[in-house]
Amino acid sequence: MLRLVNVHTHYGQIHALKGISLDVEKGYIFCLIGSNGAGKTTTLMSISAIQPISAGVIEFMGRKIHTLSPEAIVRKGIVQVPEGRRIFPYLTVQENLLMGAYLSKNKTQQIKAMTYVLSLFPILKERQKQMGGTLSGGEQQMLAIGRALMSSPKFLLLDEPSLGLAPLMVNQIFEIIRTINQQGVTILLVEQNAHAALSLSHYGYVLETGKVIIQDNAPNLLQNPIVKEAYLG
């Protein structure tokens with residue numbers, strides 16, 4: 001469904017991605033794990049066209065997308081939930097969600113998407129009129145995911161959804177991610193919590209200093225001695 005071939009990305013003189021290649025199959029959860037600075041977030045930013053690539057090819061559904069704008073990427077069905085949630089703190093929960101549907105002019109479709117999101121996150125239904133900035137960290141993460149789902153994506157990019165959350169909330173967020181995937185959305189997950197990511201995912205890539213150093217199905221990575229020593233503790 002998504003393919004990166006020998007992708008290089010620079011931030012000025014910094015060579016962040018050094019020839020990354022990966023394939024994400026439709027209907028599955030794939031994850032990227034690695035230490036800080038490995039290139040995980042840059043990979044998502046490159047896919048979303050927020051950070052233009054320097055070389056290589058990115059394809060979605062068999063078509064090249066690396067020359068498109070971020071808006072065009074969203075129109076193709078690829079939506080990102082950014083690290084740190086980045087909700088609009090002075091907008092209500094409902095207004096935040098509607099921001100996720102800004103590309104759709106179809107009111108019926110917006111209502112259908114809103115109904116779906118609120119059924120997935122009952123707490124957001126209770127707090128529709130509450131300002132986003134007054135929600136807890138876990139609720140804000142739900143809001144960020146819900147906002148992304150408002151555009152009915154085919155492919156969801158999730159950047160550190162467990163960051164800063166209590167273990168109980170992490171479990172809840174990951175169960176929601178599993179449900180979203182089971183309902184037909186393909187997911188590429190970036191996550192510092194390697195054990196949780198691999199337990200949720202079907203397949204994983206391990207990044208180190210801008211390169212893929214290991215790739216395998218998730219159960220094998222959980223047992224891989226190098227991964228266990230470096231990332232699983």
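Visitor: Which residues gather in a patch of positive charge on the surface?

Guide: Lys26, Arg63, Lys76 and Lys154 do. This is a predicted model, where local features need pLDDT of at least 70, side-chain atom pairs count only at pLDDT 80 or more, and totals for chains, interfaces and linings use all residues. Residues are numbered from 1 along each chain as its sequence is written, and side-chain values use heavy atoms, with hydrogens and water left out.

Visitor: What makes a patch?

Guide: Its residues have over 30% relative accessible area and no salt bridge, with like charges joined within 9 Å and nonpolar side chains (Val, Leu, Ile, Met, Phe, Trp, Tyr) within 5 Å.

Visitor: Why is Arg63 called exposed?

Guide: Exposed means over 50% relative accessible area, buried under 20%, and partly exposed in between (1.4 Å probe, protein chains only). Arg63 has 60%, so Arg63 is exposed. Arg63 is found in strand β5, residues 63-64; a strand is a DSSP run of E with at least two residues, a helix one of H or I with at least four, and both are numbered from the N terminus.

Visitor: Is Ser48 buried or exposed?

Guide: Ser48 has 7% relative accessibility and therefore counts as buried. Ser48 is found in the loop between α1 (40-47) and β4 (55-60). Not counting residues up to four places away in sequence, Ser48 touches Pro70, Ile73, Gln80 and Leu157, where contact means heavy atoms within 4.5 Å.

Visitor: What makes Glu160 buried?

Guide: The relative accessible area of Glu160 is 5%, so Glu160 is buried. Glu160 is found in the loop between β7 (155-159) and α7 (167-182). Among its contacts beyond four places in sequence are Lys40, Glu83 and Val190. The C-alpha atoms of Glu160 and Val190 are separated by 5.5 Å, although the two are 30 residues apart along the chain.

Visitor: Why is the pairing of Arg3 and Asp23 called a salt bridge?

Guide: A salt bridge is a side-chain nitrogen of Lys or Arg within 4 Å of a carboxyl oxygen of Asp or Glu. Arg3 lies in strand β1 (residues 2-11) and Asp23 in strand β2 (residues 14-24), so the pair ties together parts 20 residues apart in sequence.

Visitor: How many salt bridges are there by this rule?

Guide: The count is four. One of them joins Glu175 and Arg178 at 3.5 Å, N to O. Both lie in helix α7, three residues apart, about one turn of the helix.

Note on methods:
Areas by Shrake-Rupley, 256 points an atom, 1.4 Å probe, with all protein chains shown as cover. Lys, Arg positive; Asp, Glu negative; His and termini not counted. Charge placed at Lys NZ, Arg CZ, Asp CG, Glu CD.
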